[in-house]
Amino acid sequence: MSVPYYRMRDRYYRMLGNKCEKCAAEFFPPVNICRACRSADLKPHEMPNVGKLLSYTLQKESVTGFEEQEPMVFGLIELSNGVRVVAQVVDFPYESLKMGSRVKAVFRRIKADGPSGQIYYGYKFGPLRTGKEVSA
Ligand SMILES: [Zn+2]
């Protein structure tokens, strides 16, 4: 695993952001200074793993190293704590994506360095399944 990726594994694996001890604002990715009150007193804080899709886009042209995943869907997701993240959206038929769709963070393979190389993992977002949605 590359050193920079390894160092940031908590961010990619657990969506570890931070929270201001003074005003309780939450951030992901983590910040050094609170954007709300300018305090530097921030503690690591794990983000909630559920949210809703605010917007999305379909990328048909592949990026080098991601050809096998095309087309890729990227979404702007508002987590249940109000923090917004951009992430790949998976497991939805593209036609069924809707603004406001409930989503859940899933742990997935992001990419591999060649056929026998390092495999990188991290979060993506998939459908949040409730009993009602699954019954079909
Ligand atoms: Zn603050």
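**Entry 1: cysteines and zinc**

I looked up C23 and found a relative accessible area of 35%, so C23 is partly exposed. C20 has 2% relative accessibility and therefore counts as buried. The cut-offs are under 20% relative accessible area for buried, over 50% for exposed, and partly exposed in between, with a 1.4 Å probe and protein chains only.

I noted that this is a predicted model, in which local features need pLDDT of at least 70, side-chain atom pairs count only at pLDDT 80 or more, and totals for chains, interfaces and linings use all residues. Residues are numbered from 1 along each chain as its sequence is written, and side-chain values use heavy atoms, with hydrogens and water left out.

Next I looked up the zinc ion. Its donors are C20 (SG), C23 (SG), C34 (SG) and C37 (SG), at 2.3 Å. A donor is an N, O or S atom within 2.8 Å of the metal (3.2 Å for Na, K and Ca); water is not among the atoms, so sites may look incomplete. Along the sequence I read the donor spacing as C-x2-C-x10-C-x2-C. The angles between the four donor atoms are 105 to 115°, so the arrangement is tetrahedral (four donors count as such if all angles lie between 85 and 135 degrees).

**Entry 2: strands**

I followed β4, residues 50–59. Strands are DSSP runs of E with at least two residues, numbered from the N terminus. Two strands pair if DSSP finds at least two bridges between them. β4 runs antiparallel to β5, joined by eight bridges; L58 has V73 in β5 as its bridge partner. With β7, β4 pairs in the antiparallel sense over three bridges, and K52 is bridged to R102 there.

**Entry 3: pockets**

I looked up the largest pocket and found about 280 Å³ of space. A pocket is an open set of points on a 1 Å grid over the protein atoms alone, where a 1.4 Å probe fits, with protein on both sides within 12 Å along at least five of seven lines; lining residues have an atom within 4 Å of a point. The volume is the space filled by probe spheres set on the points.

Its lining has 15 residues, and Y12, A87, Q88, I110 and Y123 lie nearest the centre. β8 gives the largest share of this lining, four residues.

The second largest pocket holds about 180 Å³. It is lined by 13 residues, with Q69, Q88, V89, V90 and D91 nearest its centre. Elements giving two or more residues to this lining are β5, β6 and β7.

How values were computed:
Four donors count as tetrahedral if all angles lie between 85 and 135 degrees; four count as square planar and six as octahedral if opposite donors are over 155 degrees apart and all others between 65 and 115; anything else is irregular.
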